[in-house]
Amino acid sequence: KITTISQQAGLLKENDVSSEKETTTESCKKNRRKKTEKERPKQAEPSEWKRVWELIAEMRKKKDAPVDTMGCECLADKSEDPKVFRFQVLVSLMLSSQTKDQITAEATRSLMKHGLTVQNMIKTDEKIIDSMIAKVGFHKKKASYIKQTSAILAEDYGGDIPDTVEGLVSLPGVGPKMAYLAMQEAWKRPVGIGVDVHVHRISNRLKWVKTKAPEETRMSLEDWLPKELWGKINQLLVGFGQTICTPVNPKCAQCLVNELCPSSTVKHKSLH
């Protein structure tokens, strides 16, 4: 049963900034999100954001970031049955938390070689799954989550993944970022913005938002960013964050946005 399996999971809910654990029920989470949405002030549209977007897109034309070849949308087998494809997208997202794209890709491909389907994960011993994903962060917990999620999907979703954010975040080991990206990549319905460490960091560096947590960043971005761009911003900023706007020692001198970015070291040096 969903309740029994989920309660046994000791859920690790992913926010991609810390190892983030969350044990509240789905109804509590929904009520909290509604309360947060209602009470927080709306984010105003930043000035010159369109020009900044264009310049970042120009820098991303080479598609030379790890996310461009090893992101979740690249790993799942599009030739598979749609249910299998969607499951593979979800599992790759589950593996990606606190893990570099290269390691996530290696682990996902290892599972796919073994047979990454709901039924095969149910049949496979948890220790074997763990051995195949041993390099990813929190691999023991993720192996357990894959087993438990597979059982839930088989029993309650006909072997498919949920088609709502609420249904997805109710699964063991699936957090908001994963859920929004799963909706986007597995169901082709970008109903919200998937915010990881790169999107969160860069959005704050650009002063597009002023937030402390990824969920706050998601809500603030959704206040002003046109919906037609919700499905594009994650890969755009993740790749930018992997190649130019890195967490440590960002390459501001090479960045086309350095004259418009409030956090640019180049701009700040020129002002002194």
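Author: Ser-170 has a relative accessibility of 14% and so counts as buried, where buried means under 20% relative accessible area, exposed means over 50% and partly exposed lies in between, for a 1.4 Å probe and protein chains only. This is a predicted model, in which local features need pLDDT of at least 70 and side-chain atom pairs count only at pLDDT 80 or more, while totals for chains, interfaces and linings use all residues. Residues are numbered from 1 along each chain as its sequence is written, and side-chain values use heavy atoms, with hydrogens and water left out.

Reader: Where does Ser-170 lie, and which backbone oxygen lies 2.6 Å from a polar atom of its side chain?

Author: Ser-170 sits in the loop between helix 11 and helix 12, helices being DSSP runs of H or I with at least four residues, and strands runs of E with at least two, numbered from the N terminus. The oxygen belongs to the backbone of Gly-167; a polar contact is a pair of N or O atoms within 3.5 Å, and within protein one must be able to donate a hydrogen and the other to accept it, with residues adjacent in sequence counting only if both atoms are side-chain atoms.

Reader: How many helices and strands does the protein have, and what share of its residues counts as buried?

Author: There are 16 helices and zero strands, and 53% of the 272 residues are buried.

Reader: How should I read a nonpolar core, and which residues touch the most other members of the largest one?

Author: In soluble globular proteins, nonpolar side chains tend to be buried together. A nonpolar core is a set of buried Ala, Val, Leu, Ile, Met, Phe, Trp, Tyr and Cys residues joined through side-chain atoms within 4.5 Å. The largest here has 38 residues, and those touching the most other members are Leu-90, Leu-95, Leu-111, Ile-133, Ile-146 and Leu-168. At least two residues of this core come from each of helix 6 (82-96), helix 7 (101-114), helix 8 (118-123), helix 9 (126-132), helix 10 (139-156), helix 11 (165-169) and helix 12 (176-185), and helix 6 supplies the largest share, eight residues. Apart from this core lies another, of 30 residues, including Ile-193, Ile-202, Val-209 and Val-257.

Reader: Which residues does Leu-90 touch, if residues up to four places away in sequence are not counted?

Author: With contact meaning heavy atoms within 4.5 Å, Leu-90 touches Thr-149, Leu-153, Ile-161, Leu-168, Leu-171 and Val-174 on that count.

Reader: At what angle do helix 3 and helix 15 pack, and which residues meet?

Author: Axes are lines fitted to C-alpha atoms, for helices over the stretch in contact, and angles run from 0 to 180 degrees between N-to-C directions. Helix 3 (residues 49-59) and helix 15 (residues 230-243) pack at about 60°, with axes 10 Å apart. From helix 3, Trp-53, Ile-56, Ala-57 and Met-59 meet Lys-232, Ile-233, Leu-236, Leu-237 and Phe-240 of helix 15.

Reader: What of helix 13, and which residue caps its N-terminal end?

Author: Eight of the nine residues of helix 13 are buried, so the helix is largely enclosed by the rest of the structure, and its cover includes helix 14 and helix 15. The cap is Asp-196, with a side-chain oxygen 3.1 Å from the backbone nitrogen of His-198. After helix 13 comes Lys-207, whose phi is positive, near 65°; Lys-207 is exposed, with a relative accessible area of 52%.

Reader: Which other residue besides glycine has a positive phi, near 50°?

Author: That is Lys-63, in the loop between helix 3 and helix 4 (66-70), and at 49% relative accessibility Lys-63 counts as partly exposed.
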